[in-house]
Amino acid sequence: MAEYGVRKFLIDKRARGSPETQEILDRLGGTALEETAKRAAAPGSREGNVSRTAMGKDFLHLLPYRGAFLKPCPGTRRYICCGYQILNIGTGCPLDCSYCILQAYFKDQPGLRVFVNLKEGIEGVMNVIDSAPRRIFRVGTGEFTDSLALDPVTRWSDLIIPKFSTRKNSVLELKTKTTQIDGPLRSRYRERIIISWSLNSPSIASGEERKAAGLRKRLEAAARCQSEGFVLGFHFDPLFHYPGWREDYLRSVEMLDRYIDPAGIIWISLGAFRFMPELKPIIRKRHPASRVLDGEFVPGLDGKLRYFKPIRIELYGYMNEILEKWSQDLGLYLCMESDEVWRKGMGWSPGDNAGLGRYLDQRVIKVFGGIP
Ligand code: SF4
């Protein structure tokens, strides 16, 4: 936790006395974190001036979650989405990528919120999955937080890996930019578990992904997981268009080749940088040296700002070309793109949400086997 600059923790009164809270407190006992009775101030509030820049990233907040733990990925209207399900283990991330959309999503809920009633909630999630035995649930925890950054303290991987690994109609994807792989490696389960890394070009990784592990370290951790029997996923999302981007992304693919056996990859997603307009002033304020806003952006059909279509097609076309040269069986797919961009960038299209869902379900069946 110290490596991410987390210094304080707050226990919500509804979380006091729960066994999960106690387990987390026991683990925090070995760290230098200090208990506080005060919430992280919301950015924009008078006392929130400091947090406006820190977003409460130094602040762990233990609380129960009252909503549904499993929810469909919000995706985006008018573009093709994959039908992913989000297991909501917490919100906020101790890493600090300049482009992170969570800065806008959770600007009124600062802090690293850890949901201490997950043990109870996961039973309801598994009931939902068991009640639809013919459907494949592709589930991930890495949408509202990094899946593994806080795992040494929360140990959520100990709890959730066995649940998903023993189902035939689900896969669990743990997505990270860290090297916190001890939890998954400690587990004796491998079936239907995917450990994924978000990758970028070396210059974006070092210049824009503060507190994340360097690219080489991420790939070393991925190689270790692969050698220990885990299936891997990768996500080049967001892709950026800047002078030298082709050479830069080629270097990342060359590094992938050096560390990873492509036969053990279930999928690689590609997504060009896109953002809600509210994110722009936050990036300017919190990351004044960032280059991610260089270039021209236009509002897409969903109101998010995106690169012009020809630029997106160029980004995908090139990534498709260099990744396909490496292996033709990588399960490449686009996140939130139109049928036209799919066709022009990738040379084919799943057509719609259902088509993309079927394509990814087929990848699951190919790698892990079908539903008996
Ligand atoms: S790792 Fe992901 S969730 Fe964490 S700051 Fe970076 S983009 Fe946001």
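Met 336 is buried, its relative accessible area being 11%, where buried stands for under 20%, exposed for over 50% and partly exposed for what falls in between, computed with a 1.4 Å probe on protein chains only. This is a predicted model, in which local features need pLDDT of at least 70 and side-chain atom pairs count only at pLDDT 80 or more, while totals for chains, interfaces and linings use all residues. Residues are numbered from 1 along each chain as its sequence is written, and side-chain values use heavy atoms, with hydrogens and water left out.

Although Met 336 is not a glycine, its phi is positive, near 55°. The residue belongs to the loop between strand E18 (332–334) and helix H13 (339–346), helices (H or I, at least four residues) and strands (E, at least two) being DSSP runs numbered from the N terminus.

## Two further backbone features

Arg 155, likewise a residue other than glycine, has a positive phi of about 55°, and its place is in the loop between helix H5 (151–154) and helix H6 (156–165). With a relative accessibility of 30%, Arg 155 counts as partly exposed.

A cis peptide bond, with omega of about 10°, links Asp 237 to Pro 238, and Pro 238 lies in strand E13, which covers residues 231–239.

In soluble globular proteins, nonpolar side chains tend to be buried together.

When neighbours within four places in sequence are left aside, Phe 234 is in contact (heavy atoms within 4.5 Å) with a set of residues that includes Trp 197, Leu 199, Leu 219, Ile 260, Trp 267 and Ser 269.

## Surroundings of the ligand

The ligand sits in the largest cavity. A cavity is a set of points, on a 1 Å grid over the protein atoms alone, where a 1.4 Å probe fits but cannot get out, and a molecule sits in it if more than half of its atoms lie within 2 Å of its grid points.

Val 116, in the loop between strand E8 (112–115) and helix H4 (118–130), counts as buried at 3% relative accessibility. Its C-alpha is 8.5 Å from that of Ile 89, and the two residues are 27 apart in sequence. Not counting residues up to four places away in sequence, Val 116 touches several residues, among them Ala 15, Ile 24, Leu 62, Pro 64 and Trp 156.

Asp 361 lies in helix H14 (residues 353–368), and its C-alpha atom is separated by 9.7 Å from that of Cys 82, which is 279 residues away along the chain. With residues up to four places away in sequence not counted, Asp 361 touches Ile 136 and Arg 138. Glu 220, found in helix H9 (residues 215–227), counts as partly exposed at 36% relative accessibility; between the C-alpha atoms of Glu 220 and Ala 272, 52 residues apart along the chain, the separation is 25 Å.

Terms used. 1 Å grid on protein atoms, 1.4 Å probe; cavity = no way out; pocket = protein on both sides within 12 Å on 5 of 7 lines; lining within 4 Å.
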